[in-house]
Amino acid sequence: MKSLILAAALSTAATMSFAADTYTLDPSHSQIVFHYNHLGYSTTYGMFSGIEGEISLDQEDPAKSSVSVSFPVNSLITGWQPRFDHLMTGDFFGADENDTVTFKSTSIEVTGEDTGKITGDLTINGITKPVVLDAEMTQMGDHPQAGKPWAGFNATTSVLRSDFDMGMFAPYVGDEVDIMISIEAMKAD
């Protein structure tokens, strides 16, 4: 009798659909670095921190996964206070009215064992535009210090500043901004 019950339980478990796991971004180990051409003389860099968000990770069908991320505009690090001050004005980020940048995925295309294209809506300066992130899962497993499941991802994309009403000084200062993203996320309790 016990064998019959066990067999029925295993059969039921095998046909059940498992829900995606939720992972919460680790803001202390997640960064967004960007760069653009400055008058052809140099490449100027900046970095955002304070990134928050969630990843709904479906390991059985990664295309059903999703990601939602936000970060405060004033977390920008430029290395030069006058540049930061100018970027916070209405000439660029308009931080007084639009103090948060958001990204919410709309679809994921799996391109390899650990790679994919994440399409989503990026909102900067109160303007939402679609972007595609070329993403790679760098590692997944138990975190040696936290003692629970952890996942790491890198992604890249490019956007045009002018698409977000931030095109001041273009084309002399490059309109195209290259973005590199590196995040860690922990399985939610």
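1. Which side chain does Lys 148 meet in a salt bridge? The partner is Asp 189, at 3.2 Å from N to O. A salt bridge here means a side-chain nitrogen of Lys or Arg within 4 Å of a carboxyl oxygen of Asp or Glu. Lys 148 lies in the loop between β8 and β9 (149-160), and Asp 189 in the segment after β10, so the pair ties together parts that are 41 residues apart in sequence. Asp 189 is exposed, with a relative accessible area of 91%. The cut-offs are these: buried is under 20% relative accessible area, exposed is over 50%, and partly exposed is in between (1.4 Å probe, protein chains only).

2. A word on the model. It is predicted: local features need pLDDT of at least 70, side-chain atom pairs count only at pLDDT 80 or more, and totals for chains, interfaces and linings use all residues. Residues are numbered from 1 along each chain as its sequence is written, and side-chain values use heavy atoms, with hydrogens and water left out.

3. How many salt bridges does a search of the whole structure find? The count is four. In general, side chains of opposite charge can pair when their charged atoms come close.

4. Another of these pairs is Lys 187 with Asp 21, where the closest N and O atoms are 3.7 Å apart. Lys 187 sits in strand β10 (residues 176-187) and Asp 21 in strand β1 (residues 21-25), so this bridge ties together parts that are 166 residues apart in sequence. Strands are DSSP runs (E, at least two residues), numbered from the N terminus. Lys 187 is partly exposed at 28% relative accessibility. Asp 21 is partly exposed too, at 23%.

5. Next, Lys 117 and Asp 134. Their side chains meet at 2.5 Å, N to O. Lys 117 belongs to strand β7 (residues 115-124) and Asp 134 to strand β8 (residues 127-142), so the pair links parts that are 17 residues apart in sequence. Lys 117 is partly exposed, at 32%. Asp 134 is partly exposed as well, at 37%.

6. Now look at the partners of β10. Two strands pair if DSSP finds at least two bridges between them. Strand β1 runs antiparallel to β10, joined by three bridges. Tyr 23 has Lys 187 as its bridge partner in β10. Lys 187 also forms the salt bridge with Asp 21.

7. Strand β2 (residues 31-38) also runs antiparallel to β10, with five bridges. Here Phe 34 stands opposite Ile 179. β9 and β10 pair in the antiparallel sense over 11 bridges. Ala 151 stands opposite Ala 185 in β10.

Methods. Helix = DSSP H or I, 4+ residues; strand = E, 2+ residues; numbered from the N terminus.
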